[in-house]
Amino acid sequence: MTANRNLSEIVRNDMTGVVHGPLVQARDVFGGIHFHAASLPAPSQLPPRPRLVDREATIAQLDALREEATDVPLTVLTTGPVGVGKTALSLAWAHMISPQFPDGQLYADLRGHSSTSPASPREVLGDFLHSLGVPTDLIPGELAQRAALYRTVTRDQRVLVLLDDAMTAAQVRPLLPASSASITVVTSRYRLAGLLMQGVRGVYVDRFDAEASLALLRDALGSDRLEQQYEAACELVELCMRLPLALSVAAARLAARPSWPLREMVAALAEEQQALAALTIGDDVAMRSALDLSYRALHSGTARLYRLLSLVPGDRFGGDAAAALAGVSRMEARRLLGELTDANLLTDTADGRYRFHHALVRLHASQLVQAEDQREARDLAVGRLLSWYLATAACAERRLRPHRTGLPRDAEPAPAEVTDFGGPEDALRWLESEHANLSAAVTLAREHGREATAWQLADAMWALFLFMGHHMERVEVEESGLAAARACGDLHAEGKMLDRLGLSLNALGCHDEAVARFEEALEIWRRLGEREREVGSLRRLGLVAVGRGDHGEAIARLTNASASYQALGADRKTALTLIDLAGVLLAQGRGLDALVHLDRARHLLLRVDDDYNRARVGIFLGHAYAGLGDHDKADQELRAALGAMAELGSSMGRAAAFEGLGNLAERRGRRGAARRMYEAALEAIGQDGSIGYLRIKERLESIDRYPRLCGDT
C-alpha cells in the first residue's frame, strides 16, 4: 500500500449487505464530530505516581502557570540535564491535577533518547485517538489527517497530556490538544526553542541541592544510618552530582547491603568516575558511573538478563518474555526481574509487566550487551524470544480460531515453556496488550534474517486483526510479512500473505489495490495447483465487489465460489461464502432468498468446529426474519446467537446480537427495549477499535429525538 494517500482515496466507505455488528459509515468529514462513548471509561494512562523530594518551588511554578492560562491551551516544557528528575516531577504534578481533567489523561513515551528509534507522532496519535474512543476503522492513515481528527475530538474536552522524553518540536506539535481547558506537559533534555517561540512555557528543572539529596538518601537508608555516616553521605551526594537518578541507583544498592559502609561506596564510585573521566564529560560521568557500579554489584544471572532485556523490541515486557529471552524458567525470571526492580534499573508497571527505569538505563544495557555478549549469544537470545512470541501467538489464534488447523508455525523451535490461555477472552487480551511488541517482533525477525519467522508471526496475528481491527498497522505488518515470504522464496507463504494483505486493503476501501493483491495470489495458487485456495481468492474478489456496491458481480462471484467449495467438499468455506451471499441478498431486500442460503450454511456448519460462525448465521437469520415480519422467530434467533457469543467471550459478536435485538425492538415500536439493547451493545464494545459504535449511538439519540408515536416498553 502506498504510504501517502489522498484523503479522498481512503475515506470512501461503501457498505452493502447485512451488518455483522455496529457500523459507522461516512465519507468526507469536516469537523464537528463528537465521539460518544456512553459508559466507557475515560483514558487514565499516567504511570504510577512517584515519590517527590524537594520540588515544592517548581510545583508552585507549574501551578502559577496554570492559573495564568485562561483562554488558550497550556503547554509546559520541563527541561534539564539527564537524570535530574524531569519525568518524576512532571508525573507527580500530573497526578496532583488529574482529577480536574475528567475527559482523560493521556501519556506517551516519545523515546527521544532511547536505544530504539523515537516514537513517531503518527503512531502516538493513533494510540491517543483509540484511547479517546475513536474506532480504529475511522482513524486515518496520514499524520496530518490524524492530527486534524485529534484536534476535533479534543476541541471541547478537558484532557491532560504528558509527553515524555521529546527529541524535537516537530515530534510534539501534532500531539497538542485543541481545547483551552486542556494541559500538555512535555519533558525533554533540550530547550526545544521552536515550541517556546510558539508560546509554550518553559520550566527548568535543576539538580537537587545538598539538603534534598540527603533527604532522598535518608528515605532509602534510614535516618540512623545516614547520621552515623553523614560525612560519607555528603561526599556521595557530590559524586552523584546531586542528580536524582544517580542518587536513586546508588541508594538502591546501599539499601540492598545494609551493613556496607557508605565510605566504601564513595571510594568505589570515585574510582569508577576517574576511569570514565577520559571518555565522558559532565553529568554523563555521574550517571554512567552510578549505573556501572550498580550493574557490577548484580549477580551474574541478573546482570545477563539486564543486558539481554535491551534486545526486546518493545518498550514493555512481561515475565514470560524475559524467561524466554534469557532461557531460564519463569520462576527464575520473576526473581531476576525483582532484583533489577529493587536496584532501580527496572520499573514494574500496573499491568504486571516491566520497563527500564529510564531511557538512559536501557541505553546503558544496550551498550553492555554489545560489549560483553558475543553476537552468537545475542542471536540465540533473539531467537528464543521470537520463538516464544511465535508459539504464544499461535496458541492465542488456536483459542480464537480453532478451525484453522495445520498452519505453518515451525520457523522457530518450540520454547522451553509454552504460554497458553484459559479461553478466547484471555487469548484476545494478550494479543491486544502485546500487539505493539508483536508488530515490532516481525521487524526484528527480518533484521536478524529470520524471514520465515517474520511471515509466520505476521500470519499468526490474523486473529488479533480480525477481532480488533488496527487496519493501518495491520497493513504495515502484512506488507512486511509479504516481503519476508518473498525473501524466503516460499510461494505458498507469499500467496497467503497476498490474500491477507488484500483483505486489509479492502477493509480500508482501497479496492483497486486489494484486487491487485488477490489476482497475484490467484496466479500463485493456480501455479501450485491449490484449487481450494484459488477459490478462496476468487471469493475475496467477490468481497471487493460487495465493497464497491456492485451487487451483480458480487452475487455471481460468490455463487460460483460456493459451488466450487461444495464440489471440493469444503463445508466450512462453503458455509462462509453462503453467509456472504445472503448478506448481499438482504441488502437487496431479498429476505426469502437469503433464508435459503442461511439455512444451508447452518446445516454445513454443524459438521465443523466453528461456534463463532454458527452464531453469526443466527444473527443474519434474525435480520432476515425481522425484515420479513416474523418478529418472534427473529427474536429467537438473535437471543440464541447472543447466548452463544457470550459463551465464546466475543464482545464483537455480543454487540452484533444486541444491535439486532435493538433493531427488532424498534420495528415492534418498543423504544425503551431498543434503548436498552443499544446501550448493552455499546457496553459490550467497550473501547474495541474494530467495531464502529457511532451508528448505535445515533440510533440511541434518534429514539429520544422524535415524539413518542408508539409505546415505550
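## Aromatic contacts in the predicted model

A search of the whole structure finds seven aromatic pairs, where the rings of Phe, Tyr and Trp (its six-membered ring) pair if their centres lie within 6.5 Å, and planes under 30 degrees apart count as stacked, over 60 as edge-to-face and the rest as tilted. This is a predicted model, in which local features need pLDDT of at least 70 and side-chain atom pairs count only at pLDDT 80 or more, while totals for chains, interfaces and linings use all residues. Residues are numbered from 1 along each chain as its sequence is written, and side-chain values use heavy atoms, with hydrogens and water left out.

| Pair | Centre to centre | Angle between planes |
|---|---|---|
| Tyr295 and Tyr306 | 5.8 Å | 40 degrees |
| Phe421 and Trp430 | 5.8 Å | 45 degrees |

Tyr295 belongs to helix H13 (residues 283-296) and Tyr306 to helix H14 (residues 300-308), so their pairing ties together parts that are 11 residues apart in sequence; helices (H or I, at least four residues) are DSSP runs, numbered from the N terminus. Tyr295 is buried, at a relative accessible area of 7%, and Tyr306 is buried, at 0%; buried means under 20% relative accessible area (1.4 Å probe, protein chains only). Together with Phe317 and Phe356, these two tyrosines form one aromatic cluster. Phe421 and Trp430 are likewise buried.

Arginine residues also lie over tryptophan rings. The charged end of Arg500 sits over the ring of Trp462, 4.4 Å from its centre, the criterion being NZ of Lys or CZ of Arg within 6 Å of the ring centre and within 35 degrees of the ring normal. Arg533 lies over the face of Trp525, 5.3 Å from the ring centre.

Definitions and conventions. Helices (H or I, at least four residues) and strands (E, at least two) are DSSP runs, numbered from the N terminus. Buried means under 20% relative accessible area, exposed over 50%, partly exposed in between (1.4 Å probe, protein chains only).
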